[in-house]
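Here is a short report for a first look. Keep the sequence and the model side by side as you read.

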Amino acid sequence: MTEVADQAEQVGAVAAAPTPVEVYAARTSGLRKTYGDTAAVAGIDLAVPRGAVVGVLGPNGSGKTTTIRMLLGLIRPTAGSVELLGHALPDEADRVLPKVGALVEGPGFHPFLSGRENLLRCAAMEPNLASQDIRSAVDEALRRVGLTAAADRRFRGYSLGMKQRLGLAAALLVPRELVVLDEPTNGLDPAGTREIRQIIAELHAVGTTVLVSSHLLAEVEATCTHVAVMHRGTLVAQGGLAELLESGGPHLMISTSDLTAGLDALRDNGISARVEQQALRVDLSEVDAPEVLATLVRADVGVHEARRGRAGLEDLFARLTEEES
Ligand SMILES: Nc1ncnc2c1ncn2[C@@H]1O[C@H](COP(=O)(O)OP(=O)(O)OP(=O)(O)O)[C@@H](O)[C@H]1O
């Protein structure tokens, strides 16, 4: 497992002077939540580096939402601790939560008020927003999520995607140091999904840390600098996306004149291979590329092209969360 914590600890050690806690926007230690006999989250040490865009991935029921709710102080952990922007939760919640924007399931908007009216109510509760700035902050947040035209319609009539956008607008009412988004693309069409990607990129560009849970691996691969993979309430991997993908191991994709003959030749020589996208795919963790090619040539299998590939996030995710059965 590639540990972000290790890297961050090293950064802290080299920098020496600043408080090491500043390396993280969020950190948990032994964080656990049980419901009866079910451990929704089974004691995790999550480390979210400042300035990163961290994608929290995991199959249904793996504990993503429960983790996010504990991070935001919405539910109380059974055990373990949470630190946000260097402050312990829940003791220092009042100090730190105004700096954290969040989009979590079921935002409590009023169904009979318009989107704008709902946001005005949210804005009035923001301690870091002066009353004379409320109107312009609401207008800007509505514009940013593409809701200006629908701003004066009742929330009750909003589509799921519009409700998501309004939740995001509430999270973005004031500049935040950390933005936490639970499944932000839920209910959005491809254009809406692209807009969320754009908003995350904008937040990242100004140094905001973003923690985003998602089922969409391609989305995470395109937007995130780091990933945390959850499975059955545990954290099975966390770290920089590039390093984690690298740890997935390189492979060779070979186009040949005869896939079946190629597959047989490799297997006869103890090299495991499979057919993928009309090519032979050979894992290079136990054999090197020249040996693979020499084996094919010896068996008189024509090699048209051979190129090294890296495991994608989908491969990595499948490997980490495969059921043992
Ligand atoms: N309030 C609760 N009472 C009982 N069990 C719960 C409660 N909340 C969550 N769980 C259980 O805890 C586990 C983790 O749920 P959680 O919602 O955190 O997973 P998730 O990864 O967010 O799933 P999904 O991707 O489906 O949203 C599941 O088995 C779920 O049924």
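## Where to start

Which strands does α2 lie across, and at what angle does it run to β8? α2 lies across β4, β8, β9 and β10. Its direction makes about 150° with β8. Angles run from 0 to 180 degrees between N-to-C directions, and axes are lines fitted to C-alpha atoms, for helices over the stretch in contact. Helices (H or I, at least four residues) and strands (E, at least two) are DSSP runs, numbered from the N terminus.

This is a predicted model: local features need pLDDT of at least 70, side-chain atom pairs count only at pLDDT 80 or more, and totals for chains, interfaces and linings use all residues. Residues are numbered from 1 along each chain as its sequence is written.

## The whole protein

The protein has 12 helices and 15 strands. Its C-alpha atoms fill a box of roughly 80 × 45 × 45 Å, taken along the principal axes.

Of the 325 residues, 38% are buried. A residue is buried if 20 or more other C-beta atoms lie within 10 Å of its own, exposed if 12 or fewer, and partly exposed in between; C-beta atoms are placed from the backbone. Take the contacts with a separation of 6 or more: residues 24 or more positions apart account for 70% of them. Two residues are in contact if their C-beta atoms, placed from the backbone, lie within 7 Å.

## The sheet

Six strands form an open sheet with mixed pairing, in the order β7-β8-β9-β4-β10-β11. β7 and β11 (234–240) are the edge strands, and each pairs on one side only. The twist averages 10° from one strand to the next. Two strands pair if DSSP finds at least two bridges between them. Strands of a sheet pair through backbone hydrogen bonds, either parallel or antiparallel.

β8 (residues 178–182) pairs with β9 in the parallel sense over five bridges. There, L178 has T209 as its bridge partner. β10 and β11 run antiparallel, joined by six bridges.

## Two covered strands

Strand β4 (residues 53–57) has five of its five residues buried. Both of its faces are covered: V53, G55 and L57 lie on one side, V54 and V56 on the other. β4 pairs with β9 (residues 209–213) in the parallel sense over four bridges. Here V54 partners L211, and V56 partners S213. β4 is also joined to β10 (residues 226–231) by four bridges, again parallel. On that side, V54 stands opposite H226.

β9 is also mostly covered, with five of its five residues buried. T209, L211 and S213 point one way from β9, while V210 and V212 point the other way.

## Helix α2

Is α2 (residues 64–71) enclosed or open? Eight of its eight residues are buried, so α2 is largely enclosed by the rest of the structure. They are K64, T65, T66, T67, I68, R69, M70 and L71. Just after α2, G73 takes a positive phi of about 75°.

## An exposed loop residue

E105 sits in the loop between β7 (100–103) and α4. E105 is exposed, with 11 other C-beta atoms within 10 Å. Leaving aside its neighbours within four places in sequence, E105 is in contact with T65 and D182. E105 and P250 are 145 residues apart in sequence and 38 Å apart in space, C-alpha to C-alpha.

## Two helices side by side

Two packed helices are described by the angle between their axes and the distance between the axes. The axes of α4 (residues 115–124) and α6 (residues 160–171) come within 10 Å and cross at roughly 30°. The two helices are therefore roughly parallel to each other. Angles under 35 degrees count as roughly parallel, over 145 as roughly antiparallel, 65 to 115 as roughly perpendicular and the rest as oblique.

In this pair, G115, N118, L119 and C122 in α4 meet L166, A169 and A170 in α6. By class, the contact has five nonpolar, two polar and no charged residues. Ala, Val, Leu, Ile, Met, Phe, Trp, Tyr, Cys and Pro count as nonpolar, Asp, Glu, Lys and Arg as charged, and the others, Gly among them, as polar.
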